Amino acid sequence: GGDEEGRVKGDTGPFDGVADVFLARADSKVLVQFDRRADLLRDRINVEAGLEAADITEGEKRRRGARVDRIAAKIERLDQQIDGIDKTGVLNPVVCAFVIFNSQTAKIDALNKYVKKGGNGGMWGIIPPPHECLLEGKHRLKVTQAPEPSNIMWENLEATSLERTLRKLASSLATILIIVVTFFAIVWGKSYNQAMVDNKGACAQASFAYTCNANLDWGATTPHGCPAGQPECTLRDAWGLTSALEELTVPITIDTSTGEGVPVILS
């Protein structure tokens, strides 16, 4: 009876001063389904509350009613799955146990016996623990300080050491990846900003303006800005240039009136 309820009473095993023992089983699937069911119930309550609003339109009322029906159908399917698990009559294996002591002193003595005095075994479990620390004289135990019940992720208790190690490794790799990407983004941003500063200095040099102006095809025709209302003329005539030297000073020139060269496009 006590074993089926997840508790073992009266059997202290290698511990002294034990009040009760709670067995945690591999029930993560059921726990996740109950958690999902609770979320669905909250959603249905919130949607149904909106149906009572005085200013709700008929269209919105129909949409909310349809959503309530969909949520109810999901809850019904979850209930069927949970009932199916409960009716198997087979208890899932025990993954760990939480021991409740009669006093703080008894708890400290047990932790000292296992954690500090080799009751868990030494050298990562290679060295066997003393015989009096074995359950029923043959089963090894790993005893640690239990966290507060509110801090326990019950659905994760059944994870093996390998699974926990892989999860920690994946989490560490994801963190390192984020740090690396952030680092390169910062470096690239600083490099781009410095390149913009350098380019600004290059654009303020007279040689930059001369090169851009000299590469223009001044003999090309254009319908814009032609003198005497001509329908077409060359770029040279449109700008009113009379010498090759002038072609190096327009349309880009360097304004040095503020003390710092600034490229200016003339019009």
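1. At 46% relative accessibility, Tyr192 is classed as partly exposed; buried means under 20% relative accessible area, exposed over 50%, and partly exposed in between, with a 1.4 Å probe and protein chains only. Trp188, by contrast, is exposed, its relative accessible area being 58%.

2. This is a predicted model, in which local features need pLDDT of at least 70 and side-chain atom pairs count only at pLDDT 80 or more, while totals for chains, interfaces and linings use all residues. Residues are numbered from 1 along each chain as its sequence is written, and side-chain values use heavy atoms, with hydrogens and water left out.

3. The structure contains two aromatic pairs. Rings of Phe, Tyr and Trp (its six-membered ring) pair if their centres lie within 6.5 Å; planes under 30 degrees apart count as stacked, over 60 as edge-to-face and the rest as tilted. Phe183 and Phe184 form an edge-to-face pair, 5.6 Å centre to centre with 75° between the planes. Both Phe183 and Phe184 are exposed.

4. Trp188 and Tyr192 form a stacked pair, with 5.4 Å centre to centre and 15° between the planes. Both residues lie in helix 4 (residues 161–203), four residues apart, about one turn of the helix. Helices (H or I, at least four residues) and strands (E, at least two) are DSSP runs, numbered from the N terminus.

5. Leu41 belongs to helix 1 (residues 28–50) and is partly exposed, at a relative accessible area of 26%. Leu41 and Ile75 are 34 residues apart in sequence, and their C-alpha atoms are 7.8 Å apart in space.
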